[in-house]
Amino acid sequence: MVKKVETELGGRKLIIETGRVARQADAHTIVQYGDTVVLVTVVSKKARDRLDFLPLLVEYREQSYAAGKIPGGYIKREGKPRDREILYSRAIDRAIRPRFPKDMTDEVEVIAYLLSYDMENEGNLLGLIGASATLMISDIPFNGPLGVVKVGRIDGQFVINPTNSQLLESDFDLLLAGANGEVTMIEFGGKEVPENIVLEAIEFGLPYIDQVIKLQEELISIAGIPEKRDYTKIVVPEDLEKAIRELATDKIKEALQIKEKKMRTHALHEISEFVNEQLAEQFPDSSVEISHMLYELEREVMRKMVIEEGRRIDGRAFDEVRPITTEVSLLPRTHGSALFTRGETQALVVTTLGTSEDVQRLSELEPEEAKRFMLHYNFHPFSTGEIKPLRGPSRREIGHGNLAEKSIEPLIPDEDTFPYTIRVVSDILESNGSSSMATVCGASLSLMDAGVPIKTAAAGVSIGLVMENGKYQLLTDILGDEDHYGDMDFKVAGTRTGITGIQLDLKILSLPTSIIKEVFERARAAREQILDIMEKTISQPRDSLSQYAPKVVAMWIPKEKIGEVIGPGGRTIRKIIESTSTKIDISDDGKVVISGVSQDSVNEARSMVEELVQDVEIGQVYMGKVVRVAPFGAFIEILPGKEGLVHISELDTKRVKNVEDIVHVGDKLLVKVIDIDDLGRIKLSRKAVLEGTVSKVVKKEPRSGHTGHKGNHGNRRKRHH
């Protein structure tokens with residue numbers, strides 16, 4: 001039997017129903033907002049192997065039919081998940097993971113399928129709401145429900161659940177999950193938004209989160225909550241726990257005071273081997289329990305060190321940033337490069353410039369067709385001293401790259417100002433926490449080194465948290481172990497003006513806005529300090545591009561002139577391309593992008609295009625070329641494809657009997673436009689030039705070999721770098 005609830009939110013109906021489909025799953029919901037529909041299912045099974053963690057798998061998938069489209073390319077079916085599907089999956093995972101029992105080890109899979117898409121209401125919002133609602137009406141243990149909303153700001157006014165069209169006008173895009181007046185998950189991308197505005201946006205969204213929770217509670221009341229199942233958990237016997245504590249506690253305390261990560265990791269590994277060897281005979285087949293207990297003991301020691309002893313693993317103050325060094329122009333043949341090192345985290349970031357042909361084509365279900373700025377993040381196994389096969393990018397790499405891209409994107413100049421495709425690649429060479437934020441810093445340096453006119457530099461830092469028995473401590477610029485044993489990884493990126501990117505990853509249930517405010521203050525202070533250091537290396541974009549970068553200019557021509565530039569069958573534009581060794585792209589709106597290996601060839605092609613679209617003006621003097629003669633006068637080409645007649649009476653100041661006494665085909669001469677009749681025929685005069693004083697020739701002689709067609713004059717704007 002179908003059970004359905006609905007409410008109005010942001011001027012649209014939010015509908016959740018269950019009981020219609022997918023009845024072999026443990027539970028399902030169908031969530032609809034506008035004409036976007038998402039099916040969410042959950043299934044849980046006992047783990048096949050003994051584990052000491054929760055094997056939660058979250059998958060978000062989009063079907064092209066949802067928007068009435070067929071997949072592009074040769075294979076006409078959906079394949080591996082696209083980047084945005086992975087990003088949406090990660091957002092759902094981060095929101096729901098802290099709500100499962102800490103000791104649960106059963107396998108859980110949450111699948112969200114986009115079934116209908118109106119191209120305005122995104123499926124990630126519905127997937128999050130559906131995941132919470134579905135888990136609540138299942139028998140799987142889950143501490144919910146969770147509410148989820150999006151917030152934007154247009155003309156200074158906050159907007160709840162802005163559509164994709166509204167987000168184009170919004171200062172930011174905030175995805176917010178929470179419950180009971182507190183926050184569980186944040187994803188944010190904005191245009192240098194001040195901290196107080198972001199905090200206000202969060203507070204604005206919380207009452208609407210309560211409304212979404214209330215709707216789920218209505219569904220629960222009519223669908224009924226089954227009795228939650230007993231779940232598999234890892235149990236450490238008391239005698240085993242006691243033995244591990246006696247063997248390892250003091251050794252772990254010593255190990256966690258080693259400042260160097262490599263040595264600290266090695267010491268903890270040796271402790272693990274020692275404990276397993278000592279207890280192998282007394283507690284056979286207990287490796288999983290021993291591993292779990294050692295982690296809990298390490299976590300306990302580290303947290304006690306922070307809360308009770310007031311110190312960090314590496315001895316820094318709680319608000320202290322690790323030592324930073326920055327370098328640029330490391331690599332001779334790249335267009336821009338930077339090495340950003342913060343403590344034991346190091347990012348080599350390289351910028352590559354391309355033409356319009358290099359843009360990334362997006363999927364059928366994304367609001368934009370292409371994007372010209374890309375940031376890719378690679379996390380190499382040697383960065384943490386590990387051995388792993390090199391495969392395609394992991395979910396983590398895609399997520400970290402997207403966060404850094406989102407944090408830098410608002411600073412990228414528009415295409416009219418800088419008509420290049422821009423790709424930034426961050427290779428993590430060493431990692432001990434906050435490598436995504438190191439990527440933001442390195443990307444700013446690399447872009448400036450490449451000469452990309454970004455408006456300002458951005459930097460990022462991660463703030464951690466340890467909360468015990470009502471006490472808490474924030475940790476600026478967290479280490480990997482502080483993230484591993486702590487309660488929070490709160491990444492904040494931005495400029496001196498405001499925030500451009502946020503990602504909150506919690507291990508506790510939720511976070512009050514009072515702590516979020518403290519985090520913003522901590523992050524801003526650290527960001528200012530980092531930017532000061534970065535500016536000592538490079539404070540503004542270089543004046544010129546690398547000699548190895550392609551040269552690109554953009555210009556605008558009147559739309560009615562596009563045909564003249566292209567020419568019959570494309571002959572005109574092909575001649576320009578062949579003679580200058582350039583590439584030329586013309587958009588339907590009249591934008592012309594010219595690219596080539598040298599600036600001279602690009603400028604040459606630009607001049608040719610300008611000549612083609614220039615109109616003849618009465619009273620102006622041109623250097624023309626005689627293309628043919630007749631008994632009554634000479635025909636002169638004064639611009640590509642534009643000819644006029646110099647009547648025999650206008651050839652000289654004295655009477656001319658024979659045209660060829662004065663001019664021959666191929667001669668070049670100055671002529672003045674004296675009239676253009678209703679049919680567009682141009683009348684020229686050499687006599688007027690001879691009688692007057694020529695102070696300026698408006699246009700030089702036409703280039704040979706060009707053809708064109710007459711057209712009406714139109715206003716045009718030209719912008720180029």
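Tutor: Let's start with a term: contact means that heavy atoms lie within 4.5 Å of each other. This is a predicted model, where local features need pLDDT of at least 70 and side-chain atom pairs count only at pLDDT 80 or more, while totals for chains, interfaces and linings use all residues. Residues are numbered from 1 along each chain as its sequence is written, and side-chain values use heavy atoms, with hydrogens and water left out.

Student: What makes α8 a mostly covered helix?

Tutor: Ten of the 14 residues of α8 are buried, and buried means under 20% relative accessible area, against over 50% for exposed and in between for partly exposed (1.4 Å probe, protein chains only). Among the buried ones are Glu 397, His 400, Leu 403 and Ile 408. As for the name, helices (H or I, at least four residues) and strands (E, at least two) are DSSP runs, numbered from the N terminus.

Student: How do you know that the span of α8 agrees with its number of residues?

Tutor: The expected span is 1.5 Å times one less than the number of residues. For the 14 residues of α8 that gives 20 Å, and the end C-alpha atoms are 20 Å apart, so the two agree. Helix α14 (residues 599-613) passes too: its 15 residues should span 21 Å, and its end C-alpha atoms are 21 Å apart. Buried residues of α14 include Ser 601, Arg 606, Glu 610 and Leu 612.

Student: Why is the pair of Tyr 377 and Phe 379 called stacked?

Tutor: Rings of Phe, Tyr and Trp (its six-membered ring) pair if their centres lie within 6.5 Å; planes under 30 degrees apart count as stacked, over 60 as edge-to-face and the rest as tilted. By this rule there are eleven aromatic pairs. The centres of Tyr 377 and Phe 379 are 6.4 Å apart with planes at 15°, so both values pass and the pair is stacked. Tyr 377 has 2% relative accessibility, so Tyr 377 is buried as well.

Student: Which residues form an aromatic cluster?

Tutor: Phe 158, Phe 172, Phe 188, Phe 204 and Tyr 208 form one.

Student: What makes you say that Arg 396 lies over the face of Phe 379?

Tutor: A charge sits over a ring if NZ of Lys or CZ of Arg is within 6 Å of the ring centre and within 35 degrees of the ring normal. Arg 396 is 4.2 Å from the ring centre of Phe 379, over its face. Likewise, the charged end of Lys 251 sits over the ring of Phe 274, 5.0 Å from the centre.

Student: Why is Cys 441 called buried?

Tutor: Its relative accessibility is 0%, so Cys 441 counts as buried. Cys 441 lies in helix α9 (residues 435-449). Leaving out residues up to four places away in sequence, Cys 441 touches Phe 340, Arg 342, Ala 458, Ala 459, Gly 460, Ile 530 and Met 534.

Student: Why is Asn 180 called exposed?

Tutor: Asn 180 has 73% relative accessibility, so Asn 180 counts as exposed. Asn 180 sits in the loop between β9 (172-179) and β10 (182-193). Its phi is near 55°, a positive value in a residue other than glycine. Ser 329 also has a positive phi, about 60°. At 43% relative accessibility, Ser 329 counts as partly exposed.

Student: What kind of peptide bond joins Gly 144 and Pro 145?

Tutor: A cis bond, with omega about 5°. Pro 145 lies in the loop between α2 (123-136) and β7 (147-154). In general, most residues other than glycine have a negative phi, and most peptide bonds are trans.
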